[in-house]
Amino acid sequence: MSRKALVGNVTAMLADADFLVSERCAVRPKSFDVAARRGEDLLLVKVLGNVDAFDRETGAEMRRLGEYLSATPMLVGLRTRDEELKPGVVYFRHGVPAIHPDTLYDLVIEEVPPLIYAAPGGLYVNIDGDTVADERKDRGWSLGRLAEELGVSRRTVAKYEDGMNASVEVAVQLEDLFDRPFSDPVRVLEGAGEVRDADPTPEPPEVAPDDEHVYGVLSRAGFAVHPTQRAPFTAVSEDEAEPRVEFTLLTGHSPFTRTAQKRAKLMGSLGRVTGTRAVYFTEGEDEPKRESVDGTAIVTMVELSRADDPERIRELIRERSDEPAEA
C-alpha cells in the first residue's frame with residue numbers, strides 16, 4: 001500500500017470514529033500528517049509504511065508539540081525493516097507510541113485499547129500488582145509458592161506485586177493460575193506514559209534569525225514563543241500575560257507567496273482542530289492584500305511594527321482569526 005493511500009485510510013478511520021480531522025499536511029517541513037480531536041483527546045498523527053523511517057529529530061519535534069498543545073503524538077505504520085507490526089501491540093520510536101492500523105481501529109472504533117507493548121527483550125503487559133498480591137494472599141500462597149508456579153524468583157514476584165510489568169508469557173500464566181485477567185490497558189491516547197521510558201521532553205530549537213524580530217515583538221507582548229523545526233508552522237506561542245484566556249497561537253512568517261498562502265490555509269485547519277488561533281506574519285506589504293486565509297489572521301510586519309501596545313497585537317489577531325474551538 002502506498003503511503004498516500006495509508007494516510008487516507010487512517011484519516012477516514014479517525015473521521016469514522018467522530019474525530020475532527022485537519023487537512024493533511026502537504027507542505028514541508030511536516031513532522032506529522034494530520035491533527036485529530038475527539039472531545040479532550042487531541043492527536044498529532046504521523047503515518048509511515050516503515051516506522052524505522054521515523055527519525056530522532058521528528059520524534060523530538062512531535063513530543064515538543066505534544067507538550068505545547070496538550071496533544072498525544074502517535075505513529076501509525078505497517079512494518080519495521082525486519083518484521084510486520086503486530087496488531088494489538090504498542091511499539092515506540094524515539095518516545096512516540098507506534099501502532100498498526102488495526103490497533104488504531106480497535107482503539108478508536110471498537111474502543112478496545114491494546115494490552116501489550118514492545119520493549120527491549122520482547123513483549124510485555126502492564127499488570128495490576130495489587131490484584132496479584134490480593135489473589136495470592138487469598139489462596140494462602142507465599143511469594144515462594146507463586147514464584148515456583150511461574151518459574152521465576154521470589155524477588156521477581158515481589159517486583160510484580162510492586163508494579164513491575166511482566167512478559168506476555170508470565171501474564172498468561174498468571175491468568176491461567178487464577179482464572180482472571182491482570183493486565184491493564186496501554187493508554188495510547190494519553191501517550192502511553194505508564195510503559196514508555198520517562199525521558200524528558202527534548203529541548204526546543206533556536207529561533208531562526210529571520211524570525212527573531214517577529215518573535216521578539218510577541219515576547220514583549222507577553223507571549224512565550226516555542227520555535228518549531230519540522231512543523232507546518234514556525235512556532236507555537238502561548239499568551240502568558242492572560243494565563244486564564246485561551247490564546248495559544250500557531251504562527252508563521254515569510255513573504256506572502258503562493259506557498260505561504262497554502263501554509264496559512266493549512267494552519268487555519270490545524271487551528272480549528274487544536275483549539276488554537278493561527279496567525280501569519282508577512283513581509284514586504286504596507287497593507288495586507290487579505291486580512292485572513294481560511295481562519296488564519298494575516299498581519300504584515302509593517303502593522304506589527306506599528307502595534308506598540310501589546311493589546312493592539314491581540315486585537316489584530318482576534319479580529320482576523322477564527323475563534324479557537326472548544327474541546
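Which residue follows α7, and is its phi positive or negative? Helix α7 is followed by Asp179, whose phi is positive, near 55 degrees.

Good morning. The structure above is a predicted model, in which local features need pLDDT of at least 70, side-chain atom pairs count only at pLDDT 80 or more, and totals for chains, interfaces and linings use all residues. Residues are numbered from 1 along each chain as its sequence is written, and side-chain values use heavy atoms, with hydrogens and water left out.

Let me begin with the whole chain. It has 11 helices and 16 strands; here helices (H or I, at least four residues) and strands (E, at least two) are DSSP runs, numbered from the N terminus. The C-alpha trace spans about 80 × 45 × 35 Å along its principal axes. Of the 327 residues, 51% count as buried. Buried means under 20% relative accessible area, exposed means over 50%, and partly exposed lies in between, for a 1.4 Å probe and protein chains only. As for contacts, meaning heavy atoms within 4.5 Å, we take those between residues at least 6 apart in sequence, and 59% of them join residues at least 24 apart.

I turn now to an annotated region. The UniProt record, an unreviewed entry, carries the annotation "domain: HTH cro/C1-type" for residues 132-189. UniProt positions are given in the numbering used here, feature names are shortened, and annotations may be inferred rather than shown by experiment. In the model, this span is 59% helix and 7% strand, and its end C-alpha atoms lie 26 Å apart.

Let us return to helix α7, residues 168-178. Its buried residues include Val170, Ala171, Leu174 and Phe178. Why are these four on the same side of α7? They cover an arc of only 100 degrees around the axis, which puts them on the same side of the helix. The arc is that of the directions from the helix axis to the C-beta atoms. The face turned away from the buried side carries the exposed residues Glu169 and Asp176. The buried residues of α7 pack against β8 (122-127), α4 (129-138), α5 (143-150), α6 (154-161), β9 (166-167) and β10 (183-184).

Helix α6 can be described in a similar manner. Its buried residues are Val157, Tyr160 and Glu161. They cover an arc of only 95 degrees around the axis, which puts them on the same side of α6. The buried residues of α6 pack against β8, α4, α5, β9 and α7. Just after α6, Gly163 takes a positive phi of about 115 degrees.

Is Asn126 buried or exposed? Asn126 is buried, with a relative accessible area of 11%. Not counting residues up to four places away in sequence, Asn126 touches Leu115, Tyr117, Asn165, Phe182, Ser183, Asp184, Glu194 and Val195.

My next topic is a pair of helices. The axes of α1 (residues 3-16) and α3 (residues 101-108) come within 10 Å and cross at roughly 10 degrees. Axes are lines fitted to C-alpha atoms, for helices over the stretch in contact, and angles run from 0 to 180 degrees between N-to-C directions. The two helices are therefore roughly parallel to each other. Angles under 35 degrees count as roughly parallel, over 145 as roughly antiparallel, 65 to 115 as roughly perpendicular and the rest as oblique. The contact is made by Leu6, Val10, Met13 and Leu14 of α1, together with Pro101, Leu104, Tyr105 and Val108 of α3. By class, it has eight nonpolar, no polar and no charged residues. In this scheme Ala, Val, Leu, Ile, Met, Phe, Trp, Tyr, Cys and Pro count as nonpolar, Asp, Glu, Lys and Arg as charged, and the others, Gly among them, as polar.

Consider Tyr105, found in α3. At 37% relative accessibility, Tyr105 counts as partly exposed. Tyr105 and Leu14 are 91 residues apart in sequence, and their C-alpha atoms are 8.5 Å apart in space. Leaving aside neighbours within four places in sequence, Tyr105 is in contact with Met13 and Glu110.

Finally, I come to Pro227, in strand β11 (residues 223-227). Pro227 is buried, with a relative accessible area of 9%. Setting aside residues up to four places away in sequence, Pro227 touches Pro204, Pro205, Glu206, Val207, Thr234 and Ala235. Thank you for your attention.
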